[in-house]
Amino acid sequence: MDSPTTTSDPKHTNELIHSTSPYLLQHAHNPVDWRLWSDEAFAEARERDVPVFLSIGYSTCYWCHVMERESFESEAIAKIMNEHFVCIKLDREEHPEIDELYMAATTIMTGSGGWPMSVFLEPEKRKPFWCGTYFPPEPMYNRPSFPQVLQSLASAYKDKRDEVLEQSDALAAAVAEQVSTQQQPVQVGAKHIQASVSGLLRMFDRINGGFGSAPKFPQPVFMELLLDARSIVDADTKAAIDQSVKLTLDRMGIGGIFDQVGGGFHRYSVDEFWLVPHFEKMLYDNGQLLHLYARAAEVYGDEFYGRIARRTAEYVLREMRDPSSDPGTTGFYSAQDAEVNHREGQNYLWNKEEIRAALDSVDAEFAIRVYGLDAGTNFKDPHHPNEPASNVLRLDKRPELVAADLGMSSESFLERLDRINDALYLERSKRDQPGTDDKVVCSWNAMLVSGLVRAGVVLNERSFIEAARHAVGFMLKTLRTPDGDLSRSWRAHKSEIAAGLEDHAMLLSAMIDLAVADNDDSLWTDIERLFITTRELFESAPGVFHDTRADRADLFIRPRSLHDGATPSGVGMMSLNYARMIGIASEDRWVEWSVQTLQGVSSSIASNPISVANSTRALISMMKDRERIGSAYDFAGASDTPTPPANPVSVYVSEDQISVGEDAPASFSVALEIDEPFHIVAADPGASEASKSLIPLRVGLIEGQGVAVYAEYPEGEAFGEGDQRINVHHGRIEFEVAIEKADGIGPTPGDPVLGITFQTCNQTQCTAPVTVRLPVELTIK
C-alpha cells in the first residue's frame, strides 16, 4: 500500500521488513516468523526437518486481509506455525512464475484455486504435498480450521513421511504435465479459427453480455480475438461477433463494474448483470480494457466507447502514478484495494442522503434518477449484514438513450453528468481512501502503454502517447536489476527481481505499438535487441519459449504456461509479436521465427483455441499475411463439420401467474423435454476443460428487476471422458424455482421477466445457447 501499517514500537518484526513489496510489508509485524522465498529458508527447513508452509497472495486481496487478521495476527496460531513449519510469504505479483506452479498444484488437488493460496512443501525439491486457499480460525464454511490443517499436516510429515513424499512426487508430476510439457507441432488453420469464434459465440451471454455466468470477468482477450476475426469470417458470423462485442462493452460501460464517478474498471462483477463489482482496481485490467474500448471506438465509430476509453486513461493518469512527476516517468502503480476500513467498496458506495449532501437539490434528484437510486438499493455487504444497504452507481442504458428518455440531447446530458461526477468525485475524495499498491510491474505497465497508445491515436490525445513514451523510457532505463537485466518490478527505487517471459513479451508488444503509432524509427533498435535477449533467455528450442530462464534452480520444473487468463501468457504474446512483425519488417527471418513460434503452440491451438486466445490471434494475423508467408507454412483448411439443428427442447411451467411480497415468496416448477439424441448442459457442468467453454442450465431474470430467483437444479449425468467429461441432462427433467422480493436486483429497470437459458449438444457438437422467456406473469406486491 502507500505505506504499510506499523506501530511506533511493534511487538514482532520478521524478515519481511527487508522487502519492498507492499504485500509482504503488511505482514512484517505478524507474530509469524515469516521468511522470504530464498535458499536459506529451505535450508533451515531441511536442518530442522520440518515442511515449508508457503502463503501466496497480493496486497489488494480481500481474503488475504481476512486470513491475516484471523490467523496470522493470532499469537496462538503463529506459535503452531513457527514450531512445526518454516513459513514463507510470497507476493504473487512479484513472482508470477512461482504462483503459476503452485496454483496449478492447488487446482489439481482441490479442483479450484484462489488467494490466499496455502501450500505445504517438502523442503528438498520444493514439491507441494498439500494445497488449499483460505482457512478460517475455527471450522466453518465447510472448511477445517487453519490450526486443524497445520497440526494434521505437521503430524503427517513426521509420522507418514513416505506417504507425504510419494504424494508430492505425484502432484509435481501432474503439475509438470500441465504447465511444462512440450508439444509436437500439428497443422493449424482456418478450422481452428472457426472453432475459436464459434466457441466464444456459444459462451456469449445474449442477455447481459460477456462470457459465462457470475462471477463475471471482463475477459478482454476474448473480444480482441473476435475483433481480429471479424475481417476474415462470413457476413453472418461478423454480425454475431459485432452483437457479442457491442452488447458486452455496452453493459460493462453502463454497469457498476465501471466506476461511473471516477472512471476505470473494477476487477469483476459478482453478479451476471455487471452491477455489483469486486471493488479492487488492477492496472492490468484497465490497460487491456483501455485498449479494447479505444479499438472498438475506432472499429464501430462509437463515441460512447471513446468516452469510456478516455475516462479510463484519465483515471490511471490521475490516480495510479507518482503525482510529483510527469505521467509515466516513474511508471504506473499496480492496484487499488477493494476495502476501506475493512469494508468492501466503502469508498464507492452511495445513498440518497449522501447524494443530496454533495449536490444542489436539482442535480441531486437528477443523479438519483440517472444512477438508479430511485429504484432501491442494490448493495448489501455480505461480510457485515447488519449495516444498511446502499448503492453502486450505474446507468440503466447507454447515455444517449438515457438522454432521450429525459428529453435532452446527448451533448447536454453528458455535460451535466460530467459536472455532477466532478462534484461527487470531490466529495468522495474526502472519504477514507482505498490503499494503493505502489509497486511498478513491468508487464502491467506495458499493457497500459499499449492501451494509452491506442487511445491516444483514436481520440487524438497526444498526452496519452507522451505518457506511454515516458513509461517505455522508464522501463528501458530504470526498471533494471543490479546486473543490468530487465526487472519484474520496482518500488522505493529498488528493482531486484529479474523479469520473466511475460514482462519481455508485453514490453515488446508495447514498444511495437508505440513505434508504429508514433512513426518512431528510433525504437526499432531497442525492439530488435529485446527480441534477441528474449530468445536467448527463454527459448529452449526454435519457437519453444518458457516462462522462466533455464538457470532457475529454485523451481521444481521449468514452467511453460500457454493459457491466456486475466493477464496474457508470455508464450502467447511472443507468438503474436512475431506474427505482427511479418507485416512490419521485410526480412524473411521474421517469417521463419513466426512459423517456429506458431508450431510451438500449434497443438494447444488445435485442442483448445480459446484457452490460448493470443496464440490463436497470432494464427489469424499470419493467415492474413499468407501471401508473404508463402510456402513457409501450410495452413490447415476450413472445417466441413455440419451445423447441428436448432435446440430440440420443449419448456413447460406449472404456473402461469405468481406474486411475491415482503416475507411472501412464491415457487413453481419448470419441466424440460429434450429430444433424442440430444442433451443439454447441466447447471453444474463439472470442472473439466471442456466444461469451461459451455453454458450451464440457468433460470433467472432476463429483463426488469425487483426479485431474486433460486432454483433446485437436478444433478446431471456424466457424459464423455477425461478433459471432455461434462454433466448433462437427457430426456425429461423437472425442478422447483423459488422467487423472493429483492429491491434493485435485476439487469434493467421495469417489470421482472423470467427466462431459462440452456445449451443443446449431440454426440459431436453443441449449438449456441438459447434463452427462452418463461410464460409466467410475475407480480410484486
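Let's start with two neighbours: helix H11 (residues 283-300) and helix H12 (residues 303-319) pack with their axes 8 Å apart, at an angle of about 150 degrees. This is a predicted model, so local features need pLDDT of at least 70 and side-chain atom pairs count only at pLDDT 80 or more, while totals for chains, interfaces and linings use all residues. Residues are numbered from 1 along each chain as its sequence is written, and side-chain values use heavy atoms, with hydrogens and water left out.

**Helix pairs**

- Helices here (H or I, at least four residues) and strands (E, at least two) are DSSP runs, numbered from the N terminus.
- Axes are lines fitted to C-alpha atoms, for helices over the stretch in contact, and the angles run from 0 to 180 degrees between N-to-C directions.
- H11 and H12 are therefore roughly antiparallel to each other; angles over 145 degrees get that label, under 35 count as roughly parallel, 65 to 115 as roughly perpendicular and the rest as oblique.
- The H11 and H12 crossing is left-handed, a word used if the near helix is turned anticlockwise from the far one by less than a right angle (clockwise would be right-handed).
- Who meets whom? On the H11 side, the residues include Leu283, Leu290, Tyr293 and Tyr300, and on the H12 side they include Tyr305, Ile308, Thr312 and Val316.
- H21 and helix H23 (residues 613-624) make another pair, with axes that come within 7 Å and cross at roughly 15 degrees.
- H21 and H23 are therefore roughly parallel to each other, and their crossing is left-handed.
- Among the residues making that contact are Gly572, Leu576 and Ile582 of H21, along with Asn614, Ala618 and Met622 of H23.

**Nonpolar cores**

- In soluble globular proteins, nonpolar side chains tend to be buried together.
- A nonpolar core is a set of buried Ala, Val, Leu, Ile, Met, Phe, Trp, Tyr and Cys residues joined through side-chain atoms within 4.5 Å.
- Buried means under 20% relative accessible area, exposed means over 50%, and partly exposed is in between (1.4 Å probe, protein chains only).
- The largest nonpolar core has 137 residues, and those touching the most other members are Leu249, Phe332, Ile355, Tyr371, Leu424, Leu452 and Phe531.
- Apart from that one lies another core, of 31 residues, with Trp34, Tyr58, Cys64 and Ala78 among them.
- Skipping neighbours within four places in sequence, Leu249 is in contact (heavy atoms within 4.5 Å) with Met223, Leu292, Tyr293, Ala296 and Tyr305.

**Cysteines**

- How many disulfides does a search of the whole structure find? It finds one, where a disulfide is a pair of cysteine sulfur atoms within 2.5 Å.
- Cys61 and Cys64 form it, with their sulfur atoms 2.3 Å apart.
- Their link is right-handed, with 80 degrees about the S-S bond, and both Cys61 and Cys64 are buried.
- Cys131 is in no disulfide, since its nearest cysteine sulfur, that of Cys87, is 16 Å away.
- Cys131 is buried, at 2% relative accessible area, and Cys442 is buried too, at 0%.

- Most residues other than glycine have a negative phi, and most peptide bonds are trans.
- Which way does the peptide bond from Trp115 to Pro116 go, cis or trans? That bond is cis, with omega near 5 degrees, and Pro116 sits in the loop between helix H5 (96-110) and strand E3 (117-121).
- The bond from Glu676 to Pro677 is also cis, with omega near 5 degrees, and Pro677 is in the loop between strand E18 (666-674) and strand E19 (679-681).
- Asp49 has a positive phi, near 60 degrees; find it in the loop between helix H2 (39-48) and strand E1 (52-57), partly exposed at 45%.
- Asn142 has a positive phi near 60 degrees as well; its place is the loop between strand E4 (128-132) and helix H6 (146-159), and at 86% it is exposed.

**Two buried residues**

- Thr548 is in the loop between strand E15 (544-545) and helix H21 (570-582), and at 3% relative accessibility it counts as buried.
- Beyond residues up to four places away in sequence, Thr548 touches Glu97, Leu537, Phe538, Leu555, Arg558 and Pro559.
- Gly570 belongs to helix H21 and is buried, at 5%.
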